[in-house]
Amino acid sequence: MPFPVIHKSAKLANVCYDIRGPVLEKARQMEEDGHKIIKLNIGNLAVFGLEPPDEIVQDMIRNLPHAAGYTDSKGLFAPRKAIVHYTQQKGIPGVTVDDVYLGNGASELITMSMNALLNAGDEILVPAPDYPLWTASVSLSGGTPVHYLCDEASDWIPDLEDMARKITPRTRGIVVINPNNPTGALYPVEVLQAIVALARQHGLIVFADEIYDKVLYDGHTHTSIASLADDVLFVTFNGLSKNYRSCGYRAGWMIVSGDKRRAKDYIEGLNMLASMRLCANTPGQLAIQTALGGYQSINDLVAPTGRLCRQRDLAHRLLTAIPGVTCVKPKAALYMFPRLDPAIYPIEDDQQFAYELLAEEKVLIVQGTGFNYPTPDHFRLVFLPHEDDLAEAIGRIARFLGHLRRRYGTD
């Protein structure tokens with residue numbers, strides 16, 4: 001008797017993570033066949049020579065002999081206290097050490113925050129485009145992600161009217177990704193205040209993903225949405241991955257602030273889940289205090305003459321020089337989300353577009369629908385490679401798009 005086919009969980013039916021999805025698998029196969037791929041698909045800073053500050057590395061090495069044991073389920077006291085000091089710098093009121101949870105990157109804590117909250121049929125408002133882990137975590141937790149639109153014509157700022165229209169009696173919270181991945185948008189204070197007002201009106205939690213809060217260009221500043229009120233419940237996420245180029249250390253944190261009185265049961269759920277995973281990895285925890293208190297070298301990278309700023313400017317200039325390509329210039333983060341004019345590039349399947357670009361030009365990007373964007377006319381590009389490599393990659397994209405224009409007869 002043959003064994004039955006083993007199927008994946010039905011919970012995964014509506015889950016995708018195309019940043020590491022099927023197109024990446026095709027790229028891996030091509031690499032095994034000897035092809036050299038330019039990877040613009042993921043914000044993995046170390047592979048582009050953007051290393052963590054040396055003082056963080058040295059502190060971890062020094063403390064590693066003492067890092068073999070479990071810590072408190074929420075994390076070590078010293079890094080959590082350093083995060084409390086950071087919340088004070090950001091103007092977030094009323095945060096104590098007990099309100100801070102350390103995690104194996106912010107990703108683990110995002111999933112934890114959804115698992116502790118959602119019952120079947122509960123809804124969470126998530127931006128479109130989004131960082132797809134948010135949509136996946138809502139779905140895996142039994143909830144329903146409802147996507148509110150961000151408006152490209154307004155520098156990718158959330159469409160507040162669309163957000164308000166999509167609030168129902170089943171809505172439990174609003175996800176705000178600011179600075180934004182994948183668009184590089186940075187939200188004005190008045191937009192954040194309007195979101196807080198909606199949350200207050202409907203009794204919703206605000207989930208604030210602020211992992212890029214120091215990756216800011218052109219003198220822009222970041223406002224933590226949790227600093228704007230103390231009568232709404234906020235759950236704020238951050239970590240070392242991007243600001244401190246420490247993706248592999250998996251050192252993230254989650255802060256509960258605002259109206260905690262009505263959230264005692266939810267917080268008990270968070271504590272239970274934190275205990276079940278025992279603790280976050282200890283070496284990563286040991287990097288946090290030094291990172292937050294040390295020299296902020298990210299400021300050099302994002303300065304007008306800094307490497308990240310120069311690469312952003314070059315990528316934007318080269319992309320927007322391609323016929324039919326427009327792109328809102330990012331104010332923050334490490335990505336661009338350019339638009340392909342559908343009149344010139346009538347693409348129906350943007351995953352197929354990404355496959356063909358990879359096959360023909362050996363450049364790996366992520367299609368826009370991989371970020372839960374509703375139309376197949378965008379893609380995300382990481383501008384982390386050195387300027388020569390970036391120019392080469394975008395030159396290949398330009399050549400491929402030229403082939404598409406001839407194919408479609410729109411050249």
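Strand β2 (residues 100-104) is joined to β9 by five bridges, and the two run antiparallel; strands count as paired here if DSSP finds at least two bridges between them. The element names come from DSSP runs numbered from the N terminus, with helices being H or I runs of at least four residues and strands being E runs of at least two. Within this pair, Val100 stands opposite Ile255 in β9. Before going further, note that this is a predicted model, in which local features need pLDDT of at least 70 and side-chain atom pairs count only at pLDDT 80 or more, while totals for chains, interfaces and linings use all residues. Residues are numbered from 1 along each chain as its sequence is written, and side-chain values use heavy atoms, with hydrogens and water left out.

Stay with β9 for a moment. It also pairs with strand β8 (residues 233-239), in the antiparallel sense over seven bridges, and there Phe237 has Met254 of β9 as its bridge partner. How many residues of strand β9 (residues 251-258) are buried? Eight of its eight residues are, so the strand is mostly covered, where buried means under 20% relative accessible area, exposed over 50%, and partly exposed in between (1.4 Å probe, protein chains only).

The loop between β8 and β9 holds Arg245. Most residues other than glycine have a negative phi, and most peptide bonds are trans. Arg245 is buried, with a relative accessible area of 6%. Asp155, in the loop between β4 (144-151) and β5 (157-158), also has a positive phi, near 60°, but at 37% relative accessibility this residue counts as partly exposed.

While we're on backbone geometry, there are cis peptide bonds to find. One joins Ala128 and Pro129, with omega about 0°, and Pro129 is in the loop between β3 (123-128) and α5 (132-140). Another joins Asn178 and Pro179, again with omega about 0°; Pro179 lies in the loop between β6 (171-177) and α7 (189-202).

The loop between β9 and α8 (264-276) contains Asp259, which is buried at a relative accessible area of 11%. Leaving aside neighbours within four places in sequence, Asp259 is in contact (heavy atoms within 4.5 Å) with Asp230, Asp231, Val232 and Leu233.

In helix α8 itself sits Asn271, partly exposed with a relative accessible area of 26%. With neighbours within four places in sequence set aside, Asn271 touches Lys74 and Tyr101. For a sense of scale, the C-alpha atoms of Asn271 and Ala332 are separated by 33 Å, the two residues being 61 residues apart along the chain.

Helix α8 also meets helix α4 (residues 105-115): their axes come within 9 Å and cross at roughly 130°. Axes are lines fitted to C-alpha atoms, for helices over the stretch in contact, and angles run from 0 to 180 degrees between N-to-C directions. The two helices are therefore oblique to each other, given that angles under 35 degrees count as roughly parallel, over 145 as roughly antiparallel, 65 to 115 as roughly perpendicular and the rest as oblique. Met112, Ser113 and Asn115 of α4 meet Tyr266, Leu270, Leu273 and Ala274 of α8.

Which way does the chain pair up further along? Three strands form an open sheet in the order β11-β15-β14, with antiparallel pairing. β11 (335-336) and β14 (366-367) stand at the edges with a single partner strand each, so one side of each is left without a neighbour in the sheet. On one side, Tyr335 stands opposite Val382 in β15; on the other, Gln367 has Phe379 of β15 as its bridge partner. Phe379 and Leu381 point one way from β15, Arg380 and Val382 the other way, and all are buried.

Finally, helix α12 (residues 307-320) packs against helix α14 (residues 387-408) at an angle of about 20°, with axes 10 Å apart. That makes α12 roughly parallel to α14. The contact takes in Arg310, Gln311, Leu314, Ala315, Leu318 and Leu319 of α12, and Glu387, Leu390, Ala391 and Ile394 of α14.
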